[in-house]
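My entries follow in the order of the look-ups.

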Amino acid sequence: MKLKQRVVLLAILLVIFIFTKVFLIDNLDTSAANREDQRAFHRMMASLRVELDPRLDHTLQSPWEIAAQWVVPREVYPEETPELGAVMHAMTTKKIIKADVGYKGTQLKALLILEGGQKVVFKPKRYARDYVVEGEPYAGYDRHNAEVAAFHLDRILGFRRAPLVVGRFVNLRTEIKPVATEQLLGTFMTVGNNTCFYGKCYYCRETEPACADGDIMEGSVTLWLPDVWPLQKHRHPWGRTYREGKLARWEYDESYCDAVKKTSPYDSGPRLLDIIDTAIFDYLIGNADRHHYESFQDDEGASMLILLDNAKSFGNPALDERSILAPLYQCCIIRVSTWNRLNYLKNGVLKSALKTAMSHDPISPVLSDPHLDALDQRLLSILATVKQCTDQFGPDIVLVEDRMTLSHL
């Protein structure tokens, strides 16, 4: 064989060898990642029930110190949290030492300080479980039970980007009024035999108070994130205009995602994939009201999109607002880990998992059955949307491998 032919043959063999090696390594890596996704799913399912137990393994630390140490740029709490039940037990039982009007916003809430100095946000019950909120998908008052359900869904999806939430009953007369600021106390009233308050917020009205059953008010408490992690607010690129007859650009521009990909922080890093995850999360819970979102300050797009304020959810189980999924079907990309988790949750697993996860909450049952059924139906719509994308662009383009190392040092 001539030298030139040998060189050509060796070059061909080298190309085949490199291609085979890369192909095998890629497949092995993908397979290993998929196996880890499956193991993570089984770990999550095994720890679904969170029994509210005051006992702590680390007796030298308060539950508030433990929860504060969990927070890192990409997670609010870690995958394995044996102390979660103790922290949530403290949230629902610790003495309230101060009560004030809620931080600025459109909806009624109260800011409570619990024994040990921990801040929590209290959202009162406004609707019965089976009440259906009519109108726009963002209509109506905040739903306290939606906050509880959204937190547990965040656990189930493996995002771990929502602050801890648990249900709580408070006695307005004995627990709140004695420690309330003058500003909050001035909004209290009695309607019939019920103690009520209307607080201070953009839509708070004396004519629309939240009322307890006698003195006992049901609500949710959300754990305040540690002050060492200041938040930065961002306008959501797929936010609505909230003006009748005026559409946002994403509602009429089919190439809108291409424009988003050219702007910071969506042109690099994990933020755009976080937006996609959040769209999936919001579609499942029926939240069409995420006009802004928060991340940690000065993060340059590297920290997570924090799933704060999920109370405009679970309003109407019969309404599937497909426009919530616009980031997914316009960009046609999704994390492989998110895709795997969604597939593990089909065939009724999602409904069952969420029901189990919420079963130990003090305000259980948290959701009515129609809302639980709606979750499974919406999941099918998400899977169908991703399939349309893969059919059009191929799985190599749509399914994005993005697993960021998380540090809990």
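**Entry 1: helix crossing.** The model I consulted is a predicted one. I noted that two packed helices are described by the angle between their axes and the distance between the axes. For α8 and helix α12 (residues 369–393), I found axes that come within 8 Å and cross at roughly 145 degrees. I recorded the crossing of α8 and α12 as right-handed.

I then asked which residues of α8 meet α12. On the α8 side I listed I280, Y283, L284 and I285; on the α12 side I listed L375, R378, L379, S381 and I382. Sorted by class, the contact of α8 with α12 has seven nonpolar residues, one polar and one charged.

**Entry 2: D282.** I stayed with α8, which spans residues 271–285 and includes D282.

**Entry 3: aromatic pairs.** I asked how many aromatic pairs the structure holds, and the answer was nine. One of them joins Y127 and Y131, and I logged this pair as stacked, with 4.6 Å centre to centre and 10 degrees between the planes. Y127 is buried at a relative accessible area of 15%, whereas Y131 is partly exposed at 44%.

I next examined W229 and F296, whose ring centres are 4.7 Å apart. Their planes stand at 40 degrees, so I classed the pair as tilted. This pair links distant parts of the chain, 67 residues apart: W229 belongs to the loop between β8 (216–223) and β9 (231–235), and F296 to strand β10 (residues 292–296). I recorded W229 as partly exposed at 25% relative accessibility and F296 as buried at 3%.

**Entry 4: the tyrosine cluster.** I returned to Y127 and Y131 and found that ring pairs link them with Y141 into a cluster. Which residue lies over the face of Y141? I identified R126, at 3.8 Å from the ring centre.

Note on methods:
Residues numbered from 1 in each chain as written. Predicted model: local features only at pLDDT ≥ 70, side-chain atom pairs only at ≥ 80, totals over all residues. Heavy atoms only, no water. Helix = DSSP H or I, 4+ residues; strand = E, 2+ residues; numbered from the N terminus. Phe/Tyr/Trp six-rings, centres within 6.5 Å; stacked < 30°, edge-to-face > 60°. Buried < 20%, exposed > 50% of the residue type's maximum accessible area, 1.4 Å probe, protein only. Lys NZ or Arg CZ within 6 Å of the ring centre and 35° of its normal. Axes fitted to C-alpha atoms, helices over the stretch in contact; angles between N-to-C directions. Left-handed = near helix turned anticlockwise from the far one by under 90°. Contact = heavy atoms within 4.5 Å. Nonpolar A, V, L, I, M, F, W, Y, C, P; charged D, E, K, R; others polar.
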